[in-house]
Amino acid sequence: MPFDPVDIIFAALGMSDEHSNADFDQMLMSIFSARALAAQRADEDASLVNDEENHGYLRRYIDGYEIYVPFNLASVFPGREKLSSILRAANGIKLSENNPICISGSTTFLGKNVPISDLDFCEYFMTDESEFSSCIYRKRSSVEDIIAVLLKIDSLSYIFRDNDLNIPAIDDDTLKSKWIKLDCWFTDQALGSLAATSVIIPTDRRYGGDAAKNTFVHQEAMISNTGIPRPLFKRSEIGLYLLFLYKESAKYYHKASIDMNLRYAIKSLKRSISFLLLVGAEEESEFANALEETFNFLLNPSVVCAVLRQRLDDLDALCEALPMDRQNSARLEIDQVKSQLQYTTKAYEDEPLLNRAIGEAETLMKAIKGLFDSAGIDNIDE
């Protein structure tokens, strides 16, 4: 590999009298293009190929859609079986057929069989803002396997089952200034029952506007048969994402240490994984071994149990807002998830495992801090 992790961190965040921002942008483009070529066929199905028109992306065609995957997610990206389920959820949750929607969060790690508590999506709302309310109301006639339950606009929640559902009229400026999230109940033969959530990002065809700052392009695999991916090479966005991942990893590590909470330790580990994948650390033996050990740890039955417990909490919360005629079957689905917990409940309370999780989170966080130091990037904890 011609570039090491320190090169990427320096190119994204470094200052130099010898290089302009344009130089740094070109450096990142060269690095990421080379890494996209090297990442071909690295996914679970060995089906992702380099996209020469969208540098840094790999893509595959499935079920009538193109899926564009950033190079850093290729090695952990799921195969057809899981993707078909994810696509069904994505098509059921998105507000408009013409809007690109992205697979986000831990869902992108399913190629490593990492347990997930929910499905995360991000929809770029390119439809005219006047259509927003009608798009929401159409979700009331959801297909059977994905049911719209809650719409959240900033601190307000709207329940879809309510007969007096009254979504406020939202103009363009208001739409782009709000935090909008759609919560659904998804039932799937392969993935089971789980919450599916989508953050709505109002934007134009160039992904402009402040709302697009609420998400990071390197954590998204785009599903689209109409739009094109967001560019991967904007230096400021890469730098912000690297800092975000480190700070999130540190935040959840400290929460896990204080509260002695396994879920926080898992969150810290996942943020660190995302960081290391983006900077190509898996190409160095030291980090490659650490990443493999972390993925193996996330498959520990007690870790799976913790994730399933989170899934149950999410489903319980949604169940109360489901239509009454759906609640009985929903309770049965919750019971099925509970049955998966029985053999791991005792192990979940295993204190040595929790200490190991916190220890691994600390090790990865310190290793990342060391990469920043080697790149000459100071004050990242401020």
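Begin by selecting glycine 376, which follows helix H12 and has a positive phi, near 75 degrees. The model on screen is predicted.

Next, select H12 itself, residues 351–374. How far apart should its ends be? At 1.5 Å a residue, its 24 residues should span 34 Å, and the end C-alpha atoms lie 35 Å apart, which agrees. Colour the buried residues of H12, among them Leu353, Ala357, Glu360, Leu364, Ile368, Leu371 and Phe372. An α-helix has 3.6 residues a turn, so residues three or four places apart point the same way. To see what covers the buried residues of H12, display the helices around them, including H1 (5–13), H6 (235–259) and H7 (262–278).

Now turn to the largest nonpolar core, which has 114 residues; Leu119, Phe121 and Phe275 touch the most other members. Helix H12 contributes the most to this core, with 10 residues. Select phenylalanine 275: beyond its neighbours within four places in sequence, its contacts are Ile9, Leu242, Leu245, Tyr246, Ile368, Leu371 and Phe372. Another core, of 17 residues, lies apart from the largest one and includes Val149, Leu312, Ala330 and Val337.

Move on to the open sheet, where 10 strands run in the order S1-S2-S3-S10-S4-S5-S9-S8-S6-S7 with mixed pairing. Strands S1 (49–50) and S7 (156–159) are at the edges, each with a single partner strand, so one side of each has no neighbour in the sheet. Within the sheet, select S3 (residues 65–70) and S10 (residues 221–224), which pair in the antiparallel sense over 3 bridges. Isoleucine 67 stands opposite isoleucine 223 in S10.

Finally, select helix H3 (residues 80–93), which packs on the sheet; its direction makes about 130 degrees with that of S8.

Conventions
Residues numbered from 1 in each chain as written. Predicted model: local features only at pLDDT ≥ 70, side-chain atom pairs only at ≥ 80, totals over all residues. Heavy atoms only, no water. Core = buried A, V, L, I, M, F, W, Y, C linked by side-chain atoms within 4.5 Å. Buried < 20%, exposed > 50% of the residue type's maximum accessible area, 1.4 Å probe, protein only. Helix = DSSP H or I, 4+ residues; strand = E, 2+ residues; numbered from the N terminus. Contact = heavy atoms within 4.5 Å. Expected span 1.5 Å × (residues − 1). Pairing = 2+ DSSP bridges. Axes fitted to C-alpha atoms, helices over the stretch in contact; angles between N-to-C directions.
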